[in-house]
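Biologist: I would like to go through this model with you. Please put it up, and I will ask as we go.

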Amino acid sequence: MVIIAIGSSGAGGQTALSAVATWFQRRRSMAMSLTTVGGAMGGLLVVGIASMVEAFGWRIALRLVVIAMMIVGVGCGSLVRSRPRHHPQPLDGRAHTSADGHVVAAHVSWGIPPLRAMRTRAFIFSSMAMILMSFATTAFLVHQVPYLERLGVSKADASWSVALLTVASLGGRVGLGMLGDRVPKTVLIALCGLLVATGVILLSQASTLSQAVVATLIIAPGMGGTMPIRPAMMADYFGTKYFGSLNGTRSEEHTSELQSHLNLVC
């Protein structure tokens with residue numbers, strides 16, 4: 001489990017987000033939302049993994065997952081890189097022009113050093129907000145399947161709730177990611193927190209499968225929306241030069257998502 005934790009943290013979503021942050025500026029939120037979609041799509045595979053566990057056992061199922069990760073993950077990951085200095089391609093894939101029609105050069109990478117950034121009010125307050133958010137979402141993700149089993153739902157049927165969570169969170173990721181380039185990101189983060197808090201309260205009072213489903217549909221968009229909005233906001237506040245270091249201090253969302261997908265297998 002220690003080895004899995006090291007691998008998922010080092011090669012997880014935060015690594016890709018660090019590269020994406022250097023290629024986009026005006027459309028950064030949208031780009032990050034599309035980057036995080038891959039993690040959500042993995043939730044749709046939980047149904048298939050649950051079937052493999054029932055048919056072959058969890059050891060063989062994990063070995064098949066590893067083979068897929070080695071082929072697809074390593075192959076795709078080797079193509080990702082951060083933007084080199086003086087790269088000719090413009091930021092956002094579009095050449096920006098000034099009022100007089102001249103092409104504006106891409107902004108040089110800038111950033112606030114991590115130790116200095118961590119002492120700012122923006123970092124402290126946003127970190128506190130994400131810690132509270134992650135406390136609620138991690139508890140929900142880890143106990144989602146056992147909770148449904150306690151209501152009398154089979155493990156195979158409970159796996160569909162994970163798929164439902166995935167689909168609903170995609171709406172939050174893509175929808176709020178698109179809004180993040182037009183609406184203040186602080187407002188969107190507050191909206192995500194409101195959705196998660198409301199859904200968790202409703203879930204705590206649920207006693208039937210239908211009530212749990214309603215609560216899940218409220219929690220999922222708020223949980224998914226934080227995935228692109230939080231790192232995009234961090235890049236806006238503190239720049240991209242030290243983005244990897246700063247984002248690594250608050251990458252608990254990706255760990256929580258992995259816990260959700262592995263929870264059913266275990």
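Biologist: Is Cys76 buried, exposed or partly exposed?

Modeller: The model is predicted, so local features need pLDDT of at least 70, side-chain atom pairs count only at pLDDT 80 or more, and totals for chains, interfaces and linings use all residues. Residues are numbered from 1 along each chain as its sequence is written, and side-chain values use heavy atoms, with hydrogens and water left out. Buried means under 20% relative accessible area, exposed over 50%, and partly exposed in between (1.4 Å probe, protein chains only). Cys76 has 48% relative accessibility, so Cys76 counts as partly exposed.

Biologist: What is the relative accessible area of Cys192?

Modeller: Cys192 is one of the buried residues of H9. Its relative accessible area is 0%.

Biologist: How many disulfides are there?

Modeller: A disulfide is a pair of cysteine sulfur atoms within 2.5 Å. By this rule, the count is zero.

Biologist: What arc do the buried residues of H9 cover?

Modeller: The buried residues are Lys185, Leu188, Ile189, Cys192, Val196, Gly199 and Leu203. They sit on the same side of H9, because their arc around the axis is only 100°. The arc is taken from the directions from the helix axis to the C-beta atoms. On the other side of H9, the exposed residues are Ala190, Leu194, Ile201 and Ser204. The arc asked for is 100°.

Biologist: Which kind of pair do Phe123 and Phe238 form?

Modeller: Rings of Phe, Tyr and Trp (its six-membered ring) pair if their centres lie within 6.5 Å; planes under 30 degrees apart count as stacked, over 60 as edge-to-face and the rest as tilted. The structure holds two such pairs. Phe123 and Phe238 have ring centres 6.0 Å apart and planes at 70°, so this pair is edge-to-face.

Biologist: How many residues apart in sequence are the parts this pair ties together?

Modeller: Phe123 lies in helix H7 (residues 121-150). Phe238 lies in helix H10 (residues 209-238), so the separation is 115 residues.

Biologist: Which residues do ring pairs link into a cluster?

Modeller: Tyr237 and Phe238 form a tilted pair, 6.0 Å centre to centre with 40° between the planes. The cluster consists of Phe123, Tyr237 and Phe238.

How values were computed
Helix = DSSP H or I, 4+ residues; strand = E, 2+ residues; numbered from the N terminus.
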